[in-house]
Amino acid sequence: MKRLFKIRKGLDINLKGVAEKSISKTLTSKEYAISPIDFHGFVPRILAKEGTHVDAGTPVFTDKATERINIVSPVSGTIKSIVRGERRKILHAIVEADDKSTIVDFGKIDLNNISRENLSDLLLKSGLFAFFRQRPYDVVANPDDEPKGIFVSTFSKMPLAADFTYVVEGQESTFKTGISALSKLASVYVGISPEQINTDIMPIHDAEVSVFNGPNPSGNVGVHINKISPINKGEVVWTIGAEEVIFIGRLIETGKVDLTRRIAIAGSGIQQPQYIETLIGAPLADLIEGNVNKTEKHQRIIDGNPLVGRKSSMNGYLGAHTTEVSVIPEGDDVDEVLGWIMPRFNDFSTNKSYFSWLSGKNKQYDLDCRIKGGERHMIMSSEYERVFPMDIYPSYLIKAIITGDIDRQEELGIYEVAPEDFAVAEFICSSKLELQKIVREGLDILRKENA
Amino acid sequence: MIKKLFDKIRPNFEEGGKLKSFHSVFEGFESFLLVPNTTSKSGVSIHDAIDSKRIMSFVVIALLPALFFGMYNIGLQNYTLAGQSASWFTYFLYGFLVMLPRIVVSYAVGLGIEFVVAQWKKEEIQEGYLVTGLLIPMILPVNTPLWMMALAVAFSVIFAKEIYGGTGMNIFNPALVARAFLFFAYPTSMSGDKVWVCDSQFFGLGNALPDTMTQATALGEAAADQAVSGDFWQYVVGTMPGSVGETSVIAIAIGALILLWTRIASWKTMSSVFVGGAIVAFLFNVSGLDSNEVAKIPWYNHLVLGGFAFGAVFMATDPVTSARTEKGKYIYGFLIGALAIVIRVLNPGYPEGMMLAILFMNMFAPLIDYCFVQKNISKRAKRMKVNND
């Protein structure tokens, strides 16, 4: 029995340069980055020093708090350098890949005869456990918790997002194996889009499947949790990306860690928007070089989609959770005269003072990264509420976070949210507040206080 | 070109530059002329093109029909009372000349204070006063002396807005606070029958009217237990004495359409003000309060008389001071409409209740929101209890 949820609030943003469903190449790079910063809440201790040789699947970092969660190398090679940022914070370990790829073999697993503990240990050893995130706090999950559920969303409505139906093509059974493995740890809830009902990822056994129909952020796993089984204080749920479920499926089927994923390369700055198969941690330059439009204008390279992705550069690396890389105009070299009163046909807005509503819903926009206004206090009411489908008052929650009122944050449901849930609200915010940053900092403070 | 000019003079205004103390003013002008090209550093990379500058500009645009009609009406009333007639253009020009110094003074005083505060707090200049600055001359009687208005502007910007933290943080609508300030400080200049028609000449236009020639507003007449002059259609068109921007329901309706279409004003608040007013006025109509002329004004006339429509469209819907929860907006609006009529009917001293009703409900808006937010909170608390049992 599938449950159907109709999501009304939200906003789809139509951007130019959606990736075409074709694969240009399977990419192999000379070096890869292993980045503990991609795993929020993970405090890294270095296991493999500079100069040591690692196989694909060898732990490079372990979490200081638990000493059990590992991050492993995606390839075999030599640790070339450990890159540190401010206050000696570890940013990446760079692995120089060698030609003969040696992979750690964990042995094939019989799902019917493996205990919860053994499976959990295997995921910890193989570095795949680090991909679990927990709510509250949206950080790397704690292996000692017993979550009340594991939630997986198999689609994203974010602009320029990779289409999981295409990403999973040919690997459907591996995905299902991954789901079956998850069901050994806790009950699994999978949220799919209506378009996926008749595709090969269905039927999914060992999980409760729900269909979510509606605009962005209906693909956010946070929305699914809120509708199916909202989190209360003291409860923990885990989430994991659908692509990462495939990693687990591969481990179960082959006994080996294989962090290959199909990444969408998208955005108006890309000549041929399409998909590329590569390993996580690959240099972004290898993914997009030669495919970026040659213009005088500045371009922004985003590790992720334009709403929740990180600003990156040609020197950046593919993030561990990244499903798409987008390139859009930066806009810091654009000077628009009297924009506040001009009709501005090419600027997308939900506000009808712009005449973009005349162009209809199917027009694709080429938006740049300008904030297009100054930061203000919250002036308009119910702006966020209009695009925020969870049963939460987002503007009141944001205010509680800004004022640091922890009790009120708890009452208003901060345990249920992750920064990404506020992405659409941040997009439309006329006061130009950095909602995702506010929520991230709020969650971090709360986590520290409750620890 | 504009860009080059700004780039050239920018160093003067930056830290260490000669004109550092005008930094906010410089930024204000720059962002007025050019869309800021600062790009996002964290969070979303793309943004909706809307910003508060455009929102405020659209409210100002929505106010223009009422303002222009008000200008025309100033001339019309002056000439009619003097027993003369002239072309509509003369009426308008006269009204324009009467209003111009009032608008200039309002902006000069209000923006002056905002500039100073912005500079002091090292913030950008905020646009909130663009709307307030136009609203104040529009809701005052045309004969209010300029110095009085300047005083009211200063009072409201400082005490109704800046001490709360500026645009977006105030509890009371600053324009209404300005009016209320004058109403309590200088009552004789704010009501009665001497203030509604401009009585002096401007640049050779208009007529100097002697004190004996005065006219009250329709509500003023009713409050004095006189028969009310005019009929429904005159009230709708607005060719009668009253605060400058408030008389023409047609002009206000054009503004309302702009605000609703752009979703700057909430249709929930706006419509429930009218519903609340209509129901209460209807109840008074059938209540049989025969001695009270105001109670006998038909309910549909109540909605088009005085500042009711203007308040419902431009004041009650102020997003900052109104209820912020969607369901709260129904209650907030309804109570404003209801209270306005109650004050009109039952308060013998003052014929117009809209101002006090809105200010009163400004105070209660957070309480209304509190109830709805609390409902969400207790739902969550209950859910937790069920799960933990």
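Begin by selecting Gln196(A) in this predicted model; Gln196(A) is buried, with a relative accessible area of 1%. In chain A, the loop between β13 (188-192) and β14 (208-213) holds Gln196(A).

Next, display the surroundings of Gln196(A). Setting aside residues up to four places away in sequence, Gln196(A) touches Thr154(A), Phe155(A), Phe164(A), Thr165(A), Ile201(A) and Met202(A). With Thr154(A), the contact includes a polar one: the two side chains are joined at 2.8 Å.

Now show both chains and turn to the interface. Here 76 residues of chain A are in contact with 61 residues of chain B. About 6200 Å² is buried between the two chains, and carbon and sulfur atoms give 52% of that area. On the chain B side, select Ile46(B), His47(B) and Arg54(B), which lose the most area to chain A and together account for 12% of what that side buries.

Finally, colour chain B by element. Two or more residues on the side that touches chain A come from each of α1 (2-13), α2 (23-33), α3 (52-81), α16 (326-346) and α17 (354-388) of chain B. By residue type, the side of chain B that touches chain A divides into 25 nonpolar, 20 polar and 16 charged residues.

How values were computed: Residues numbered from 1 in each chain as written. Chains lettered and ligands numbered in written order. Predicted model: local features only at pLDDT ≥ 70, side-chain atom pairs only at ≥ 80, totals over all residues. Heavy atoms only, no water. Helix = DSSP H or I, 4+ residues; strand = E, 2+ residues; numbered from the N terminus. Buried < 20%, exposed > 50% of the residue type's maximum accessible area, 1.4 Å probe, protein only. Polar contact = N/O pair within 3.5 Å; in protein donor to acceptor, adjacent residues only side chain to side chain. Contact = heavy atoms within 4.5 Å. Buried area = accessible area lost by both parts, 1.4 Å probe. Nonpolar A, V, L, I, M, F, W, Y, C, P; charged D, E, K, R; others polar.
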